[in-house]
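Hello,

Here is the structure I promised to pass on to you. Please open it next to this email, and then read on for what I found.

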Amino acid sequence: LGVSMEISDFPLISVIVPCFNSGRTIKRTILSIKNQTWVQKEIILVNDGSTDELTLNTIRELGDEEIVKLINQKNNGLASARNMGVNQSSGTFLFFLDADDWIEPQALEMMYLHLIRNKKYGYVFPDIYLEGKRSGFIEKEFNLFEQFFLNQIPYCIFISKENFIKYGIYDEKMKLGYED
């Protein structure tokens, strides 16, 4: 960061990770959060009613760690799990990450610095690299017109908890990928 400050001078960032039967990917997700250069963080892992043994065993293993706050709920969907994570978070800032995604080591630090240095922004989100069936780099500029008709904001936003609560939580009636 280029300044001499105590760790307690930096705000706590709550990283909210909903998971449902994510045993194959959740460990990499959690490790990518734990390995951040930003020290003041907590991981809110919301188990949204997982039923597969791999997920349940991985959650048991990771949920015992001090940095991870594990919340179990019946399966209510992504929006509900994210809102539950917000309700249980202690951070000044929130970052939403799905259980099959991971972040680069300086991601939280870079997003925090960008947001506080650019007061005109209410939130920021990172560039996204795809792997799997589709692969490559996705770069998305916010387009208000598109936002009225399509979900154009990635789910992985970095936002102050105050703004998130002030301007609206996830709509739990929305399903099938539109809850973001």
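Before we look at partners across strands, one term: two strands count as paired if DSSP finds at least two bridges between them. In β3, Gln-73 is the bridge partner of Asp-48. Please keep in mind that this is a predicted model.

First, the overall picture. The protein contains six helices and eight strands, and along the sequence they follow the pattern β-α-β-α-β-α-β-α-β-β-β-α-β-α. Of the 180 residues, 42% are buried. Among contacts with a separation of 6 or more, 76% are between residues 24 or more positions apart.

Now to strand β2 (residues 41–48), where eight of eight residues are buried. Lys-41, Ile-43, Leu-45 and Asn-47 point one way from β2, while Glu-42, Ile-44, Val-46 and Asp-48 point the other way.

What does β2 pair with? Strand β1 (residues 13–19) runs parallel to β2, with seven bridges between them; there, Val-17 stands opposite Leu-45. Strand β3 (residues 68–73) is also parallel to β2, joined to it by six bridges.

β1 and β2 also belong, together with α1, to a right-handed β-α-β unit. In helix α1 (residues 26–34), the residues Ile-26, Thr-29, Ile-30, Ser-32 and Ile-33 are buried. These five lie on the same side of α1 because they cover an arc of only 160° around the axis.

Enjoy exploring it!

Best wishes

Terms used: Residues numbered from 1 in each chain as written. Predicted model: local features only at pLDDT ≥ 70, side-chain atom pairs only at ≥ 80, totals over all residues. Heavy atoms only, no water. Buried < 20%, exposed > 50% of the residue type's maximum accessible area, 1.4 Å probe, protein only. Helix = DSSP H or I, 4+ residues; strand = E, 2+ residues; numbered from the N terminus. Arc of directions from axis to C-beta. Contact = heavy atoms within 4.5 Å. Right-handed = clockwise from strand over helix to strand, strands pointing away.
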